[in-house]
Amino acid sequence: MMTAQKFPAPAVGVDGLFLRLELEAFNAEYARVLDDGDLRQWPAFFTDDATYVVTARENYDANLPVGLIYCEGKGMMEDRALAIRETAMFAPRYLRHYITNLLVEPVKDGGTIHATANYLVLETLLDNPEAHIHQTGRYIDRFVRVDGALRLKQRHCVYDNLMVPTSLVLPI
Amino acid sequence: MKWHRAAMAEAVEEGGVIAVDIDGTPVALYRLDGSVYATHNVCTHQFALLSDGYLEDGCIECPLHQGRFDVRTGKALCAPVSEGIRTYAVRVEGGVIFVSLDAPVSSDVSVADVASPAAAASADHARRSSDAGGERFVILGAGQAGGRAAEALRAAGFAGEVVLVGEEPVPPYERPPLSKEILTGKAGVESCALLAEPRWRELDIVLRLSTRAARIDTTAHVVALSDGSILPYGKLLVATGARARRLAVPGADLPGVHYLRTQADGLGLRNALRSGARLVVIGGGFIGLEVASSACDLGCAVTVVEQEARILNRILPAAAGDAIAERAAEAGVRLLTGARVTALEGTAAVEVVRLADGRRLEADIVVIGIGVIPNQELAVEAGIAAADGILVDEYGQTSAPDVFAAGDVAVYPYLVRGRRLRLESWHNAQEQAIAAARSMAGHLAPYRGTPWFWSDQFGANLQMIGLPQLTDLVACRSDLGGSSALFFMSESRLTGVIAFDDPEAIRLGRRLIESGASVDPVRLAERRTQSGATSTAPTHAAPRMDSEPMDLEPKGRGDETMISLQQPADSRSDGRSPSQAYVWPEEGLVRVPDWVYTDEEIYRREVERIFHGRTWNYVALEAEIPNSGDFTRSFLGPTPIVVTRAEDGSIHVFENRCAHRAAEFCRSLRGNAKEFVCPYHQWSYDLRGNLVGVPFRRGVDNKGGMPKDFSTADHGLRKLTVTTRRGVVFASYAEDMEPLENYLGPDILREFDATFDGRKLKVLGYYRNTVPGNWKLYHENLKDPYHATLLHTFLVTFGLLVAGNKSAMMCDATGRHGVMASAKSEGGGVDADRRKEMRAYREGMTLKEPRLIDYVEEFDSPWSVTMQTIWPNLIVQRELNTLGVRQIVPQGPNSFVMNWTMFGFEGDSDEMIRHRLRQGNLMGPAGFLGLEDNEAMKFVQDGMLRCPEGRHLVALDPDTEAGSSDTLISEAAIRAMYKHWRQELGL
C-alpha cells in the first residue's frame, strides 16, 4: 500500500528548510508550466534518464507496472510534448494543479532527494461552466542536482480516482 | 481435573440447549436422551452462539450459516464449518451440572458484547400489531379496493369506526362489467354492486359518497374533505385508484366523445351506442377492445385506432395480439394501427376523427381508452413517497406513519422479479386492499400477490398471470379445441403464463409461480396430452418473443367470472411510444437516427436483449484469478458481477447482488476468499454463488426465522453461463448459448487465436475511463477504418500507417463482430522511403524515441495491428506489441465506462515488458490514439444531444451494402453491425 513507504524523519535544520523551500518553488514552477499549457517547457524539469509514469493507485498497490503515460527518458517526454502539441485532437481545456503536503526525506549519500507531495488537478473544459476534479493523487519523486539546479530523475504520479474522465491529454 | 458448577440440571430440557459462562468461557449445555453434553458456545466459522441455534438428531446447527456440529464429539459435519467445536467433560451430581474446562479452549472470544437477537426481531412486530380497537380508520376511495378493504377490516376484527369516502354518488361497485354487460344491456348497474346495500349497514361502515378528500395531514392525522369537514384518523388507507388519461388533441371535449372509467361513463356510453352508429375507438388496449367488442354486438360500425404497430403491443407478444386482431376483424372491426389521432372535429358534436396521415374517419361516437393515471396527488402533496403511484411496502404501508395504500394507485414490491409494480386490475385492487386492511387491523400479512389479468372480447377469454418478460424462455402448448398457452421461464422457474381459453394453464401457472418450483419446458408443453393433438415446441424466445409462432384459435367464452384487464403500469416517462417513434429511416442502413444513441427506452431494450440476451460477454482474464478462491469484480453490460475460481479450478460468474436484500456485497476490486458474506445480514455464499448460510434461519426460541419450507437451494445468487478460450473468460445470461467458437465464426476466431496464441497471459495493469458517449460508438470507431488516418494524424506523422500499408476491415457473417487490421511496412521497421515521405508531410517532426513504434514480430499473423470488436462488450487490442482487452460497461445511453486490462505473456523478458509498456503510450485514455477516439466520441454525443433529432450519414462504399470490404474508405462494417442490431431489437 502507499502508506507502507515511510519517511524516517523530515529534513530539518536550516539546510532542510532551504531544500524544502527549493522543492516547493520547483513544484510551483512545474504547475505553472502545465497550467499555462506550454508543453515545450515541461521536459526541462527532468534529467535525460528520468522516468515519468502516471498510473492508478490500483496498479501501484498491486505492483502492476503499466502507466497511463509511461516515459523512459527525456526523449519520450519530448515526443509526448510534441505529439500532443502538434498532432493530438482534443477539446480545449485548462488544467490547474494544486501541489501540497510536501514530504522530504533527509538527503542520503549520492545526493538523491526522495520526496512526495499530494496533488489535485482540476480540469475546466471550455464548454462547461464548472471545473471538475480530473485527478487526485501523489507524486513520488526523486530529485537530483544537475549543475546545481534541481531536476526530476523520477516522477511517478499515482492517482486515487479509479476512472479517468474521458481522457488524460496534458501531463500531471 | 477442576470441575466448575455450570447450571442446575433441570435448566437444560430434553432436546434443549442453554448458554452458560464458566470463568469467562462461553459454554453451551445440551441434553440428549437424558444425558448432558457441553461444548464451546462460539461457532468455529464466524462469531455466533451455538446456543441460539437449532438442536436436532444430536447435532447443533449454528444459527448464522447453518454449520452443524455433533454435540457429543464436537465434529464439524457440513459446510461452511470445517473445524470441530471444543467439547468438555460433564458430570451431574445432586441436581447440579458440573463442567471441566481442563482441556484448553481453542477460541478466546468474549461473548460479553453479544446482544440477544430475539429482542430486536420481535420489537417491531409488537409495535405494529398493537391493538387498534376504538380508533377511527378512514378509507379514501370507494372502488373495488376501498370497498373490499372496509369489509376486510371488519373480518379482521377491527371494531372501531370505519369511514369510506367516495367521489362517486354510488356505493362501491365492480368496474369490469362497464365495458361488457353494461354496454350491451345484458346487465344493469345494480348487478355490479360490490356488496348489497344493507350489508354496509350490517358492517357498520360509514359511507360518505359524493365526497372527496381535499388534503391529508399526516402529522396531525386528519383528512380535510371537500365538504369542508375535518376527519381525524387513527389509520388511513389511500385507495383513490386511477383516472382515464385524457387525449390532448383539439376537439377532444366535443359532445359525443366518451371515456370509460365510472358507472356514469358506462351508462352515458350505453345510451349513446345504437345499432348502425359509427364508433371510433381511440386506443387498442384492453378497454378499447372490450368496448369495440360490445359495440359490435350492438350492431355498431366500429373502427379502432391504435398508434402502435399492433394492438395490445405493450402487454402481449405479437402473436397473441395478432390473434385478437384477427378475431376483431372477423367480427367486423376495422383496425387502423400505426395511426395517430391529431384532432377531433365537428360542430355541435364530434363528426370526424382526423389522423396524422391526413385520413378522416367519420364518427357518431368516439371512445378514448389510452390508459389511466394514478390518483396520487393527495398523497404527494402530503409528502408521501410516490413514483408513478404511491410506494408501499409488502404490508401496504406508505412512507407516512399509519398511512396505507392499495389498488390501482399503489406501487408494491413484487418478489419474483424483484421489481416494484403498479397493477391496474380487479384482482390486484381486491387482494392488495384486503392485505392492507389486515395489516391496519394488526394482522400483519405481507401481500405477495401474483399479477393476474383477465379480458373477454370477441368471444375469447384471455388471461395472463405472473410477469413474463421478453427475454424469458417460452414453451407453447395448444390443442385442437382452440385453447393455447404460453409459459414463460427464467432460470427454470416459471415467471408467467398467457393463456387463451385455457384457465387450467393459469391455475397451473399460479401454483408453479407461487411455489417457485423448477419446471421443465418440455413437460409444460406436453402436460395436456389427453386433449388430442398437442404442439410440443419448447423454444427460446430471446431475444424476440414475438418471433415465435402461436397457434391460436380462440373458442367460446369461458364460464369464469368476468374480470377486466387493463394495461399494466407504463414506466415510460418520455411519452414516446416505442414502435411509433422508433421508425428506421426509409433510406435504410445508410442513415442511423439519433435515438439509437440517446434514447432511454432503446438502451433498456439493449440491456435486455443484447447484454442480457443471447451473447457472450467478456468478463475477465484467467490470469486475474489464477488460484482457487481468487475473485475479481466485473460487469456484464451494466450489471455488476463477480468472477471466481472455485476449489476445483472451475470458473464461476454470478451477479453481485445478495439474494436477500439486493446488496452489492462484493466491494473489493479483486482478492481471494473462501466464501462471500453479504455484510448487511451475513448471508453467505460459496465460490459458486450457492447460498450456504442464512443467519437465524430457524429463528430464536422457536420464534421468527424463515418459513419452514425455505430452501437455500432456491435462493442462490443469479448465476451466469461461463466459457473460456485461451485464458479469456466470457459469460452469458442465456443458459443454452452456442459454443464461443461458433459465436465468433471462423474469421474472427482466427484473429482471436492469433492474439491469444496459447502463451500464458501476464496482467500488466489496468486503465479505466469514462466516455460521455453511447457504447456503440466505440464499436463503430473500430469498424470505421476511414477515421484512422484522418483523426489520428499521429499515425501518419510518425509513419505507423501510410498509404500503401496493407489493411483490411473484416466482419463475421452476422455483422456483429469485426476486425480492423493493418500491416506495418515490410521488415518491421519503418521503410526509409516512407519515412522520407512522412517527413515531407510534417517538416522536422521525428520521434526522439523511435522504439515507441517498433514492432517485434511475435505473432503468427500477417497483421502487425488488429483491433477486434467482439459483440457486445469486448475489444481485443493488438497494436504492435501493446496488448489489451477493453471491456465496455454501458452506463445508460449517453455514457459508458471502458475498462482496459493490459497484458503480456509469461516468459516475456524485462525488456519486452518495458517495450509493451512504452508502446502503451499509443492507447488508453492518455494514449496518442486512444485519447483522440475518446474525445471524438464525446463530440459525437454532444452533437446529438445539443442538436437533437438528427440522423447520421453512413454511406461510404455503396458497392458493399454491409459486411467486409476491400477498401478502407468504407462504412460497410458499421452498416453490418446495425443490420444485426436492428434484428436483435426488433426495429
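How many helices and strands does chain B have? Chain B has 22 helices and 55 strands, where helices (H or I, at least four residues) and strands (E, at least two) are DSSP runs numbered from the N terminus. The model is predicted: local features need pLDDT of at least 70, side-chain atom pairs count only at pLDDT 80 or more, and totals for chains, interfaces and linings use all residues. Residues are numbered from 1 along each chain as its sequence is written, while chains are lettered from A and ligands numbered from 1 in the order in which they are written.

**Confidence and overall figures**

- The mean pLDDT of chain A is 91, and 93% of its residues reach 70 or more; pLDDT is the predictor's confidence in each residue, from 0 to 100.
- Of the 987 residues in chain B, 48% are buried; a residue is buried if 20 or more other C-beta atoms lie within 10 Å of its own, exposed if 12 or fewer, and partly exposed in between, with C-beta atoms placed from the backbone.
- Among the contacts in chain B with a separation of 6 or more, 64% join residues 24 or more positions apart; two residues are in contact if their C-beta atoms, placed from the backbone, lie within 7 Å.

- Four of the five residues of strand 11 (residues 161-165) of chain B are buried.
- Strand 11 of chain B pairs in the parallel sense with strand 10 (residues 136-140) of chain B over five bridges; two strands pair if DSSP finds at least two bridges between them.
- Val138(B) has Val163(B) in strand 11 of chain B as its bridge partner.
- A right-handed β-α-β unit is made by strand 10, helix 2 (residues 144-155) and strand 11 of chain B; a crossover is right-handed if, with the strands pointing away from the viewer, the path from the first strand over the helix to the second runs clockwise.
- Strand 11 of chain B also runs parallel to strand 12 (residues 205-208) of chain B, joined by four bridges, and Leu164(B) stands opposite Leu207(B) in strand 12.

- Strand 20 (residues 301-306) of chain B is mostly covered, with five of its six residues buried.
- Strand 19 (residues 278-282) of chain B runs parallel to strand 20 of chain B and is joined to it by five bridges.
- From strand 19 of chain B the chain passes through helix 6 (residues 286-297) to strand 20, in a right-handed β-α-β crossover.
- Four bridges pair strand 20 of chain B with strand 21 (residues 334-337) of chain B in the parallel sense.
- Helix 7 (residues 318-330) of chain B carries the chain from strand 20 to strand 21, and this β-α-β crossover is also right-handed.

**Nonpolar cores**

- The largest nonpolar core has 146 residues, and those with the most contacts inside it include Val54(A), Ile69(A) and Val619(B); such a core is a set of buried Ala, Val, Leu, Ile, Met, Phe, Trp, Tyr and Cys residues joined through C-beta atoms within 7 Å.
- Helix 22 (residues 972-985) of chain B gives the most to this core, with seven residues.
- Domain 5 (618-702 + 712-730) and domain 6 (737-985) of chain B both give residues to this core, so it lies between them; the domain bounds come from an automatic or database domain assignment.

**Where the chains meet**

- In all, 34 residues of chain A are in contact with 37 residues of chain B.
- Helix 3 (74-86) of chain A gives the largest share of the side of chain A that touches chain B, namely seven residues.

- Eight strands form an open sheet with mixed pairing, in the order 7(A)-48(B)-54(B)-53(B)-52(B)-51(B)-50(B)-49(B).
- Strand 7 of chain A and strand 49 of chain B stand at the edges, each with a single partner strand, so one side of each is left without a neighbour in the sheet.
- Strand 49 of chain B pairs with strand 50 (residues 818-823) of chain B in the antiparallel sense over six bridges.
- Met810(B) lies in strand 49 (residues 806-811) of chain B and counts as buried because it has 20 C-beta neighbours inside 10 Å.
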